[in-house]
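Colleague: Please take one part of this model and go through it closely, in plain terms. I would like to follow how its pieces are arranged.

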Amino acid sequence: MIEHVKYDVVIAGVGVSGLYTALNLPRDKQILMICKEDMKSCDSMLAQGGICVLRDEKDYDSFYEDTMRAGHYENRKESVDIMIRSSRDIINDLQELGVRFDKNEDGSLKYTKEGAHSKPRICFHEDITGKEITETLQCHVKTLPNITIMEYTTMTDILVENGKCCGIVAKKTPFIPVQTVQQNESQQTDVYETVKKAADESFAEENNDNLLYIFAKDTVLATGGVGGLYEHSTNFRSLTGDGLVVAKKHGVELEHLDYVQIHPTSLYRETSGRSFLISESARGEGAVLLNTKGERFVDELLPRDVVSEAIQKEMKREGSHHVWLSFRNVPTETIREHFPHIYKTCLEAGYDITQEPIPVVPAQHYFMGGIHVDRDSETTMEHLYAVGETSCNGVHGKNRLASNSLLESLVFAKRAAVKIAQTGKE
């Protein structure tokens with residue numbers, strides 16, 4: 001059976017970018033949000049380290065330079081400037097919504113430091129910042145009567161009339177993981193062809209049962225990245241680049257599909273499945289990388305791509321499957337207070353990070369390319385927006401600076417919402 005429904009705005013994805021878009025839209029708009037699995041299985045839940053913020057005007061130049069340098073100066077300068085200057089308002093808003101950032105005794109925000117940052121400027125909640133922010137936003141969204149949420153609903157196409165987007169087509173079935181691909185050591189891969197193949201398998205329809213035509217004045221793609229296609233990835237398996245496939249099909253511009261970030265440190269396990277991330281903030285607090293001889297071989301606070309490459313070379317030189325991450329320089333109190341989730345997970349895997357190093361290996365982590373959007377998250381098709389990891393507004397350049405992802409997603413999600421509201425008035 002084919003069902004037809006109509007809303008003012010439809011949002012594909014319930015991560016922080018989709019949620020924050022919905023929360024910033026006018027309350028008189030009827031909004032539908034869909035997600036492939038349940039709401040708890042969105043990738044924003046997995047962000048550990050934190051979210052960057054401009055501490056003061058004196059911090060602007062270094063924040064800007066850190067972001068540009070990490071991105072190999074291929075960043076879109078306008079987008080970087082917008083993100084940095086919007087950061088304090090975002091953090092203030094999150095606190096008003098109830099996000100529990102860690103604070104000092106005097107009530108001021110605590111800041112931590114991660115790789116490629118010249119100074120501490122990262123707000124955090126323990127080592128589960130993404131979960132804290134996402135759950136807070138989800139709670140607020142669920143209270144709004146103008147927002148409907150459909151779980152286990154997969155977008156398979158967009159609806160187009162006269163060259164303008166007018167909604168999406170979705171399938172109301174549980175997500176079936178597609179076959180993964182081998183991780184490309186050089187980070188360069190023909191992402192679109194891989195994504196398309198996976199999508200063809202995932203979207204294959206034997207019949208039209210549970211097919212849903214969702215008509216909307218404005219459509220927002222917040223479908224996440226491509227990590228589900230990789231053998232080793234810190235992402236959920238449901239992230240298979242769905243937004244890229246439908247965008248390409250309809251001639252919507254894509255950008256930098258080969259910009260795939262490998263995170264230096266995920267917990268090495270012999271079993272398959274999603275890789276558990278060991279936050280970069282652990283190295284920011286003093287954890288060090290060691291080879292099999294117990295020797296440091298790289299500056300742990302260099303940009304992620306540089307550290308990942310150094311680990312790969314060391315593994316190849318030694319003929320090993322992993323290197324080691326030691327917390328010997330991190331006070332036990334800091335481990336238990338700042339990294340309780342990492343401590344618990346490693347303990348369950350048989351490693352006490354307060355007493356011994358843990359095996360780590362690089363894994364696919366983030367997608368800097370995606371659907372090309374402008375400063376207001378508009379794609380090259382009218383009434384079609386893209387936010388979060390599925391979009392490419394140029395903030396990250398060729399390599400994302402640690403803890404800029406949550407910030408970028410929220411900043412440009414809000415700009416999408418503002419633009420949709422303005423266009424509606426016009």
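Modeller: Two strands are said to pair when DSSP finds at least two bridges between them. The model is predicted. With that in mind, take the open sheet of four strands, whose order is β10-β13-β12-β11. The pairing in this sheet is antiparallel. Its edges are formed by β10, residues 260-267, and β11, residues 288-290. Each of these edge strands pairs on one side only. On average, and ignoring direction, neighbouring strands of the sheet are turned by 45° against each other.

β10 is joined to β13, residues 358-367, by six bridges in the antiparallel sense. Within this pairing, I262 stands opposite Q364 of β13. A helix belongs to the picture too: α8, made of residues 304-318, lies across β10, β11, β12 and β13. The direction of α8 is at about 60° to β10.

For a case of helix against helix, look at α1, residues 16-23, where eight of eight residues are buried. Among them are G18, L19, A22 and L23. The axis of α1 comes within 8 Å of the axis of α11, residues 405-425, and the two cross at roughly 35°. This crossing is right-handed. On the α1 side, V16, S17, Y20 and T21 make the contact, and α11 contributes L406, S409, L410, A413, K414 and A417. By type, the contact residues are six nonpolar, three polar and one charged.

Notes: Residues are numbered from 1 along each chain as its sequence is written. This is a predicted model: local features need pLDDT of at least 70, side-chain atom pairs count only at pLDDT 80 or more; totals for chains, interfaces and linings use all residues. Side-chain values use heavy atoms; hydrogens and water are left out. Buried means under 20% relative accessible area, exposed over 50%, partly exposed in between (1.4 Å probe, protein chains only). Axes are lines fitted to C-alpha atoms, for helices over the stretch in contact, and angles run from 0 to 180 degrees between N-to-C directions. A crossing is left-handed if the near helix is turned anticlockwise from the far one by less than a right angle, and right-handed if clockwise. Contact means heavy atoms within 4.5 Å. Ala, Val, Leu, Ile, Met, Phe, Trp, Tyr, Cys and Pro count as nonpolar, Asp, Glu, Lys and Arg as charged, and the others, Gly among them, as polar.
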